[in-house]
Amino acid sequence: MRRLIVNADDFGFTAGVNRGIVEGHSRGVVTSSTLMANGAAFSDAVQLARTVPQLSVGCHVVLIDGVPLLDAGNISTPLQQDLRDQKPGARAFSESIGRFALRALAGRLDPQEIEAEATAQIRKIQAAGIAVSHLDTHKHTHLFPGVLRPLLRAGAACGVRAVRNPFGPRRPLRSGDLVSRPGIWTRYAEMRILQGFAGRFRAAVAKHGFATPDGTLGVEVTGVIDEAMFRAIVSSIPDGTWEFVCHPGYNDADLAAAKTRLRQSREIELRALTLPEARSALSQAGVNLISYRDLGPVPRT
């Protein structure tokens, strides 16, 4: 049996991204999304979410590439240190996933700060009237144990009991699909190295009583998902419950001014997710679409 959650990340990033996510749900195969509590278009996303009650909305916890909700007195270790040195009082998360990873692996991230910031982000979404169905993190930072454990504590304290499993299957695509896209190999190799954390992820999730899919699909091909790639991923889905990570949206002026490498690719993904062929491919492969709400009860706001 194959079940698939199609989750659109970055809800709340820009108005164009918000519009694309809602269209991906209302006209396509998107079943869930994760909302950035500190996103520039947060209020717009909240309003749109009310128009699509069947869309499962979680919290996209941001610990990199953004500004924390907590004030400077309550958070410091995930912040961009050189920015504070140049501009006293300025605060922003690190823009480098490499630097963040080094801090996480060296144990230089304060778990209480991570838990407090994650809690603040979840609570902000809940305060807006949205029942938060699940958690994930921007750029999958919770694959590091030093982020995962405080994130799970924050979720449990807020009544959220489902989390993304950021680790994929051993073979996310068939060999022919990988050969035809040589640029994917670097990303694939990076994810294989990080796969070593998968066992600790499963143990921590089980200890805290969280629901989670068997893994994620699409992470290695972020930014290059088109109609052909979507069909390739669908045709290689293993048995079990999986999450397909996507980033649909519109490449408007706000997105052009934002710090992201995903611009035109969002419109290409949106097209792939809303074509009738997308639903047909899932049906032919015997894949049942579900949302994060189907993994467990959603807490009341």
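Reader: I take buried to mean under 20% relative accessible area, exposed over 50%, and partly exposed in between, with a 1.4 Å probe and protein chains only. On that scale, is Asp65 buried, partly exposed or exposed?

Author: Asp65 counts as partly exposed, because its relative accessibility is 25%. Please note that this is a predicted model, in which local features need pLDDT of at least 70, side-chain atom pairs count only at pLDDT 80 or more, and totals for chains, interfaces and linings use all residues. Residues are numbered from 1 along each chain as its sequence is written, and side-chain values use heavy atoms, with hydrogens and water left out.

Reader: Where does Asp65 lie?

Author: Asp65 belongs to the loop between β3 (56–61) and α3 (81–86). Helices (H or I, at least four residues) and strands (E, at least two) are DSSP runs numbered from the N terminus.

Reader: What about Lys139; what is its phi?

Author: Lys139 also has a positive phi of about 60° and is not a glycine. Lys139 sits in the loop between β4 (135–137) and α6. Lys139 is partly exposed, since its relative accessible area is 41%.

Reader: Turning to the aromatic residues, how many aromatic pairs does the structure hold?

Author: The structure holds three of them. Rings of Phe, Tyr and Trp (its six-membered ring) pair if their centres lie within 6.5 Å; planes under 30 degrees apart count as stacked, over 60 as edge-to-face and the rest as tilted. One of the pairs is Phe167 with Phe201, which is edge-to-face because the planes stand at 65°, with the ring centres 5.8 Å apart.

Reader: Which parts of the chain does that pair link?

Author: Distant parts, 34 residues apart: Phe167 is in the loop between α6 (145–157) and α7 (175–180), while Phe201 is in helix α9 (residues 198–208). Phe167 is buried, with a relative accessible area of 4%. Phe201 counts as buried too, at 1% relative accessibility.

Reader: And how are the rings of Phe230 and Phe244 placed?

Author: Their planes meet at 75° and their centres are 5.5 Å apart, so this pair is edge-to-face. Phe230 is in helix α10 (residues 227–235) and Phe244 in strand β6 (residues 240–246), so the pair ties together parts 14 residues apart in sequence. Both Phe230 and Phe244 are buried.

Reader: Which charged side chain sits over the ring of Tyr250?

Author: The charged end of Arg19 does, at 3.9 Å from the ring centre. For such a contact, NZ of Lys or CZ of Arg must be within 6 Å of the ring centre and within 35 degrees of the ring normal. Lys124 likewise lies over the face of Phe42, 4.6 Å from the ring centre.

Reader: Back to α9, then. Which of its residues are buried?

Author: In α9 the buried residues are Ala198, Phe201, Ala204 and Val205. They line one face of the helix, because they fall within an arc of 125° when seen down the axis of α9. The arc is that of the directions from the helix axis to the C-beta atoms. On the other side of α9, Ala206 and Lys207 are exposed. Gly209 follows α9, and its phi is positive, near 70°.

Reader: Which residues are buried in α4?

Author: Helix α4 (residues 97–105) buries Phe100, Ala101, Arg103 and Ala104. These cover an arc of only 165° around the axis, which puts them on the same side of α4. The face of α4 turned away from that buried side carries Leu102 and Leu105, which are exposed.

Reader: Why would residues in a helix fall on one side?

Author: An α-helix has 3.6 residues a turn, so residues three or four places apart point the same way.
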